[in-house]
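Dear colleague,

I am handing over the structure that we spoke about, and below it I have set out what was found. Please keep it open beside this email while you read.

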Amino acid sequence: MLAYREGVRLDQRRIEELYQRMGDVGAEDVVCRALEEIAVRMSYANKLHKRGDLAEMRKCLRSLAKIADQIGMIALSEVARDVCTCIDQNDAVAMAATLSRLARTGDGSLTAIWDLQEFMI
């Protein structure tokens with residue numbers, strides 16, 4: 001069985017800017033809410049995929065990408081946009097593969113941002 005690992009790319013500068021602009025408490029609140037929204041949207045995107053509701057799935061993934069961008073989750077944002085491209089191209093096989101990649105990237109990104117956030121405080 002193949003073991004897939006996805007690279008995680010974070011823009012640490014975005015997190016640092018949040019902490020400088022909002023202070024520790026404000027930035028931590030923003031990041032925590034963003035992480036919660038990302039997790040919810042990743043789960044919802046999978047449910048929408050299973051239902052075959054690609055239009056709503058695309059909306060969900062575009063908003064996930066925007067949230068990920070705001071807190072510097074570059075790789076996660078890019079993969080979410082890649083899934084949207086697969087939807088636009090009506091490529092079911094690529095969409096399924098890229099959605100799996102989104103899950104792996106999301107897991108790694110969530111862990112990395114938590115680790116980075118602990119370092120910032």
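Predicted model: local features only at pLDDT ≥ 70, side-chain atom pairs only at ≥ 80, totals over all residues.

**Helix 3 and the chain as a whole**

Residues are numbered from 1 along each chain as its sequence is written, and side-chain values use heavy atoms, with hydrogens and water left out.

The protein chain has 4 helices and 0 strands, where helices (H or I, at least four residues) and strands (E, at least two) are DSSP runs numbered from the N terminus. Read along the sequence, its pattern is α-α-α-α, and buried residues make up 36% of its 121 residues.

**Two helices and their spans**

The expected span of a helix is 1.5 Å times one less than its number of residues. For helix 1 (residues 12–51), a straight helix of 40 residues would span 58 Å, yet its end C-alpha atoms are only 36 Å apart. Helix 1 also bends by about 125° at Gly23, the bend being the angle between axes fitted to the seven residues ending there and the seven starting there. Among the buried residues of helix 1 are Ile15, Leu18, Tyr19, Ala27 and Val31, and Gly52, which follows this helix, has a positive phi near 80°.

**How the helices pack**

The axes of helix 1 and helix 2 come within 8 Å and cross at roughly 160°; axes here are lines fitted to C-alpha atoms, for helices over the stretch in contact, and angles run from 0 to 180 degrees between N-to-C directions. That makes helix 1 roughly antiparallel to helix 2, since angles under 35 degrees count as roughly parallel, over 145 as roughly antiparallel, 65 to 115 as roughly perpendicular and the rest as oblique. The contact (heavy atoms within 4.5 Å) includes Leu18, Tyr44 and Leu48 of helix 1 and Glu56, Cys60 and Leu64 of helix 2.

Helix 2 (residues 54–70) and helix 3 (residues 74–88) likewise have axes that come within 8 Å and cross at roughly 160°, and they are therefore roughly antiparallel to each other. Among the residues that make this contact are Leu54, Met57 and Leu61 of helix 2, and Ala80, Val83 and Ile87 of helix 3.

**Two residues to look at**

Tyr44, which has its place in helix 1, is partly exposed, with a relative accessible area of 32%. Leaving aside its neighbours within four places in sequence, Tyr44 is in contact with Arg51, Glu56 and Cys60. Tyr44 and Cys60 are 16 residues apart in sequence, while their C-alpha atoms are 7.6 Å apart in space.

Which residue has a positive phi although it is not a glycine? It is Asn90, with a phi of about 55°. Most residues other than glycine have a negative phi. Asn90 lies in the loop between helix 3 and helix 4 (92–120), and at 65% relative accessibility it counts as exposed.

How values were computed
Buried < 20%, exposed > 50% of the residue type's maximum accessible area, 1.4 Å probe, protein only.
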